[in-house]
Amino acid sequence: MPHQDRSRHHLDLQQRSTLAGEAAAAAAEVETALVMPSDLTSAAFFDVDNTVMQGASIFHLARGLHRRDFFTTREILGAAWKQAYFRLVGVEDPEHVAQARNSALSFIAGHTVAELEELGEEIFDEAMAHRIWPGTRALAQMHLDQGQRVWLVTAAPIEIATIIARRLGLTGAMGTVSEHVEGVYTGLLVGDLLHGPAKAEAIRALASREGLDLATCSAYSDSFNDLPMLSLVGDPVAINPDARLRAHARAQGWRVRDYRTGRKAARAGLVVGAVAGAATGSVAAAVALRKRH
């Protein structure tokens, strides 16, 4: 690919990340408008998958939707494979990314917002609530007790992220934002998935609006992919980290917390997390909802 084309494609990905982050922060504004923290300049940001919750939230959501005949096995496997190839192999070709995004969204279009929101509440109770890591939940509560606001920052759709935040008593959530028109999914994202650099953009936008001093804020994640988010704050913490993040955290002197029990369980968690996390992006796009801007 010519250098000029690569530069244009890279810029396009940057623009999508920025738009995704700004959209996620804008969505969070509604959730936190009435929150009055005592510490106005500090906050904490938590990734969800394998950080707050064991496994990928989108995997649990997708499995629950599949059991309710929301989509077919063939549809979800096709979308997951394309996203897994992108996430695990590291391919950044914009055409491939677009194909993965479109395949993920193809089977969600036409479903209603009310339908998915109702199912999301049910699925949280049956498949997610018991998978919350108690140690991470305690860390989030510590920040709340100190008068700080606590947000989830995840590639999961904003609606399911909001359900998780509300059930845990957190301030709010920032997640992947998609549009809907008159309560029906269009299959289009606002920007891109809230993943990697887009998470950092979301935090920057929220910090600017809320007057946060990022140097006094904390961020928690299990994944090296969240390095942009972790590097943005003064107190980055690796939770149940993958091998690359663990090594980076140790080299930088960051705190590391691992709530997995036993080396065998830890290794199994890394494998399951990698596979489930690979599917997160594709299904997140599929089930993310947002009113057309």
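## A buried loop residue and the sheet around it

N240 is buried, with a relative accessible area of 3%. Buried means under 20% relative accessible area, exposed over 50%, and partly exposed in between, using a 1.4 Å probe and protein chains only. This is a predicted model, in which local features need pLDDT of at least 70 and side-chain atom pairs count only at pLDDT 80 or more, while totals for chains, interfaces and linings use all residues. Residues are numbered from 1 along each chain as its sequence is written, and side-chain values use heavy atoms, with hydrogens and water left out.

**Two residues with positive phi**

N240 has a positive phi of about 45°, although it is not a glycine. Most residues other than glycine have a negative phi. N240 sits in the loop between β7 and α10 (243-252). Is E182 buried or exposed? E182 is exposed, with a relative accessible area of 79%.

**Overall make-up**

The protein chain has eleven helices and eight strands. Both are DSSP runs numbered from the N terminus: helices are H or I with at least four residues, strands are E with at least two. Of the chain's 293 residues, 53% count as buried. Residues 24 or more positions apart account for 70% of the chain's contacts with a separation of 6 or more.

**The sheet**

Six strands form an open sheet. Their order is β3-β2-β1-β6-β7-β8, and the pairing is parallel. Two strands pair if DSSP finds at least two bridges between them. β3 (172-176) and β8 (255-257) stand at the edges. Each has a single partner strand, so one side of each is left without a neighbour in the sheet. Neighbouring strands are turned by 20° against each other on average, direction ignored.

| Strand pair | Bridges | Sense |
|---|---|---|
| β2 and β3 | four bridges | parallel |
| β1 and β6 | three bridges | parallel |
| β6 and β7 | four bridges | parallel |

Individual partners can be named. P157 has T176 in β3 as its bridge partner. F46 stands opposite Y220 in β6. S221 is bridged to A238 in β7.

In a regular strand the side chains alternate between the two faces of the sheet. In β6, S218 and Y220 point one way, A219 and S221 the other way, and all are buried.

A43 lies in strand β1. A43 is buried, with a relative accessible area of 0%. A43 touches Q148, R149, W151, L212, C217 and S218, leaving out residues up to four places away in sequence. A43 and V233 are 190 residues apart along the chain, yet their C-alpha atoms are separated by 9.8 Å.

**Helices on the sheet**

α6 lies across β1, β2, β6 (218-221) and β7, and runs at about 160° to β1. α7 lies across β2 and β3, at about 145° to β2. Axes are lines fitted to C-alpha atoms, for helices over the stretch in contact, and angles run from 0 to 180 degrees between N-to-C directions.

How do α5 and α7 pack? Their angle is about 50°, with the axes 10 Å apart. The two helices are therefore oblique to each other. Angles under 35 degrees count as roughly parallel, over 145 as roughly antiparallel, 65 to 115 as roughly perpendicular and the rest as oblique. On the α5 side, E117, G120, E121, F124, D125 and M128 take part, and they meet E159, I160, I163, I164, R166 and R167 in α7.

**The nonpolar cores**

A nonpolar core is a set of buried Ala, Val, Leu, Ile, Met, Phe, Trp, Tyr and Cys residues joined through side-chain atoms within 4.5 Å. The largest one has 36 residues, of which F46, L65, M128, L152, I160 and I164 touch the most other members. At least two residues each come from β1 (43-46), α2 (57-67), α5 (113-128), α6 (134-145), β2 (149-157), α7 (158-167) and β7 (235-239). α5 gives the largest share, six residues.

Which residues does F46 contact, leaving aside its neighbours within four places in sequence? They are V52, T136, L139, A140, H143, V150, W151, L152, V153 and Y220. A second, separate core has 25 residues, including W151, I203, A207 and L214.

Conventions
Contact = heavy atoms within 4.5 Å.
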